[in-house]
Amino acid sequence: EDCYLKAPFTSEETASLQKDVCCQSLPTQDEYVQALATNGFSEIVFDDVTDEWTTFVQTRYELFASHKERFTNLHGEATYEKLHHFYHAVKVLFEGGHLGGARVSASTSY
(Lines give C-alpha, C1' and ligand atoms only; values in the text may rest on other atoms or scores of the structure.)
Protein backbone atom coordinates (compact mmCIF):
# COMPACT_ATOMS: atom_id res chain seq x y z
CA GLU A 1 0.00 0.00 0.00
CA ASP A 2 1.24 3.45 -0.87
CA CYS A 3 0.24 6.99 -1.70
CA TYR A 4 0.25 8.49 -5.18
CA LEU A 5 -0.57 11.72 -6.98
CA LYS A 6 -4.16 11.64 -8.28
CA ALA A 7 -4.10 15.22 -9.57
CA PRO A 8 -1.69 18.15 -9.28
CA PHE A 9 -1.40 19.53 -5.75
CA THR A 10 -2.05 23.15 -4.90
CA SER A 11 0.97 25.08 -3.63
CA GLU A 12 -0.42 24.77 -0.09
CA GLU A 13 -0.80 21.00 -0.46
CA THR A 14 2.74 20.66 -1.82
CA ALA A 15 4.10 22.62 1.14
CA SER A 16 2.12 20.49 3.61
CA LEU A 17 3.17 17.25 1.95
CA GLN A 18 6.82 18.28 2.21
CA LYS A 19 6.76 19.92 5.65
CA ASP A 20 4.10 17.98 7.54
CA VAL A 21 4.35 14.53 5.96
CA CYS A 22 8.06 14.61 4.96
CA CYS A 23 7.27 13.55 1.40
CA GLN A 24 9.07 15.44 -1.34
CA SER A 25 7.13 14.06 -4.31
CA LEU A 26 4.73 11.35 -5.40
CA PRO A 27 4.31 9.52 -8.70
CA THR A 28 1.07 9.41 -10.64
CA GLN A 29 -0.60 6.03 -11.12
CA ASP A 30 0.92 5.73 -14.60
CA GLU A 31 4.40 6.65 -13.32
CA TYR A 32 4.08 4.16 -10.46
CA VAL A 33 3.06 1.29 -12.76
CA GLN A 34 5.72 2.23 -15.33
CA ALA A 35 8.46 2.25 -12.66
CA LEU A 36 7.46 -1.25 -11.57
CA ALA A 37 7.37 -2.54 -15.17
CA THR A 38 10.72 -0.93 -15.97
CA ASN A 39 12.26 -2.70 -12.99
CA GLY A 40 11.14 -6.17 -14.02
CA PHE A 41 7.75 -6.51 -12.39
CA SER A 42 4.77 -7.99 -14.23
CA GLU A 43 1.13 -8.75 -13.48
CA ILE A 44 0.89 -5.31 -11.90
CA VAL A 45 -2.41 -4.59 -10.17
CA PHE A 46 -3.02 -1.03 -9.01
CA ASP A 47 -6.18 -0.71 -6.93
CA ASP A 48 -7.26 2.79 -5.94
CA VAL A 49 -8.27 2.77 -2.27
CA THR A 50 -8.47 6.54 -1.85
CA ASP A 51 -12.07 6.59 -0.63
CA GLU A 52 -11.33 3.92 1.97
CA TRP A 53 -8.20 5.75 3.17
CA THR A 54 -9.96 9.12 3.25
CA THR A 55 -12.58 7.68 5.58
CA PHE A 56 -9.85 6.05 7.67
CA VAL A 57 -7.78 9.24 8.12
CA GLN A 58 -10.90 11.27 8.95
CA THR A 59 -11.94 8.75 11.60
CA ARG A 60 -8.39 8.46 12.95
CA TYR A 61 -8.15 12.22 13.37
CA GLU A 62 -11.54 12.50 15.08
CA LEU A 63 -10.85 9.61 17.47
CA PHE A 64 -7.39 10.89 18.30
CA ALA A 65 -8.68 14.40 19.03
CA SER A 66 -11.49 13.02 21.18
CA HIS A 67 -8.98 11.17 23.40
CA LYS A 68 -6.64 14.10 23.98
CA GLU A 69 -6.71 13.97 27.78
CA ARG A 70 -6.00 10.24 27.94
CA PHE A 71 -3.18 10.50 25.39
CA THR A 72 -1.52 13.50 26.99
CA ASN A 73 -1.64 11.83 30.41
CA LEU A 74 0.30 8.90 28.97
CA HIS A 75 2.62 10.58 26.46
CA GLY A 76 2.63 14.32 27.16
CA GLU A 77 1.27 17.41 25.45
CA ALA A 78 4.18 17.81 23.01
CA THR A 79 3.75 14.31 21.57
CA TYR A 80 0.00 14.81 21.32
CA GLU A 81 0.43 18.11 19.45
CA LYS A 82 2.89 16.61 16.95
CA LEU A 83 0.62 13.67 16.16
CA HIS A 84 -2.47 15.87 16.07
CA HIS A 85 -0.76 18.15 13.55
CA PHE A 86 0.34 15.20 11.40
CA TYR A 87 -3.06 13.46 11.46
CA HIS A 88 -4.78 16.74 10.58
CA ALA A 89 -2.38 17.41 7.69
CA VAL A 90 -2.92 13.94 6.21
CA LYS A 91 -6.70 14.30 6.60
CA VAL A 92 -6.69 17.66 4.81
CA LEU A 93 -4.51 16.28 2.01
CA PHE A 94 -6.84 13.35 1.37
CA GLU A 95 -9.91 15.58 1.58
CA GLY A 96 -8.38 17.83 -1.08
CA GLY A 97 -8.83 15.04 -3.62
CA HIS A 98 -5.30 15.19 -5.04
CA LEU A 99 -3.62 12.65 -2.74
CA GLY A 100 -4.47 9.08 -3.57
CA GLY A 101 -4.09 5.78 -1.82
CA ALA A 102 -3.30 2.55 -3.63
CA ARG A 103 -2.96 -1.14 -2.97
CA VAL A 104 -0.38 -2.41 -5.43
CA SER A 105 0.67 -5.97 -6.18
CA ALA A 106 3.04 -7.32 -8.79
CA SER A 107 5.06 -10.38 -9.66
CA THR A 108 8.74 -10.81 -10.36
CA SER A 109 10.85 -13.72 -11.50
CA TYR A 110 13.67 -12.98 -9.03
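Colleague: Hi! Which side chain meets Glu 81 in a salt bridge?

Modeller: That one is Lys 68, at 3.8 Å from N to O. A salt bridge here is a side-chain nitrogen of Lys or Arg within 4 Å of a carboxyl oxygen of Asp or Glu. Before we go on, this is a predicted model, in which local features need pLDDT of at least 70 and side-chain atom pairs count only at pLDDT 80 or more, while totals for chains, interfaces and linings use all residues. Residues are numbered from 1 along each chain as its sequence is written, and side-chain values use heavy atoms, with hydrogens and water left out.

Colleague: Okay, and which helices do Lys 68 and Glu 81 lie in?

Modeller: Lys 68 lies in helix H4 (residues 68-75) and Glu 81 in helix H5 (residues 77-95), so the pair ties together parts that are 13 residues apart in sequence. Helices are DSSP runs of H or I with at least four residues, strands are runs of E with at least two, and both are numbered from the N terminus.

Colleague: What else forms a salt bridge with Lys 68?

Modeller: Glu 77 does, and the closest N and O atoms are 3.4 Å apart.

Colleague: Is Lys 68 buried, exposed or partly exposed?

Modeller: Lys 68 is partly exposed, because its relative accessibility is 32%. The cut-offs for relative accessible area are under 20% for buried and over 50% for exposed, with partly exposed in between (1.4 Å probe, protein chains only). Glu 77 is partly exposed too, at 40%, and so is Glu 81, at 35%.

Colleague: How many salt bridges does a search of the whole structure find?

Modeller: It finds 6. One of them joins Glu 95 and Lys 91 at 3.3 Å, N to O. Both residues lie in helix H5, 4 residues apart, which is about one turn of the helix. Lys 91 is buried at 13%, whereas Glu 95 is partly exposed at 41%. There is also a network of salt bridges linking Glu 1, Glu 52 and Arg 103.

Colleague: New topic! At roughly what angle do the axes of H1 and H5 cross?

Modeller: Roughly 145°, and the axes of H1 (residues 11-20) and H5 come within 10 Å. Axes are lines fitted to C-alpha atoms, for helices over the stretch in contact, and angles run from 0 to 180 degrees between N-to-C directions.

Colleague: Which residues in H1 and H5 meet there?

Modeller: Glu 13, Ser 16, Leu 17 and Asp 20 in H1 meet His 85, Phe 86, Ala 89 and Leu 93 in H5. Contact means heavy atoms within 4.5 Å.

Colleague: Nice. How many aromatic pairs does the structure hold?

Modeller: It holds 8. Rings of Phe, Tyr and Trp (its six-membered ring) pair if their centres lie within 6.5 Å; planes under 30 degrees apart count as stacked, over 60 as edge-to-face and the rest as tilted. Phe 64 and Phe 71 have ring centres 4.9 Å apart and planes at 65°, so that pair is edge-to-face. Both Phe 64 and Phe 71 are buried.

Colleague: What about the rings of Phe 86 and Tyr 87?

Modeller: Their centres are 6.0 Å apart and their planes at 55°, so the pair is tilted. Phe 86 is partly exposed at 28%, and Tyr 87 is buried at 16%. Ring pairs link Phe 64, Phe 71, Tyr 80, Phe 86 and Tyr 87 into a cluster.
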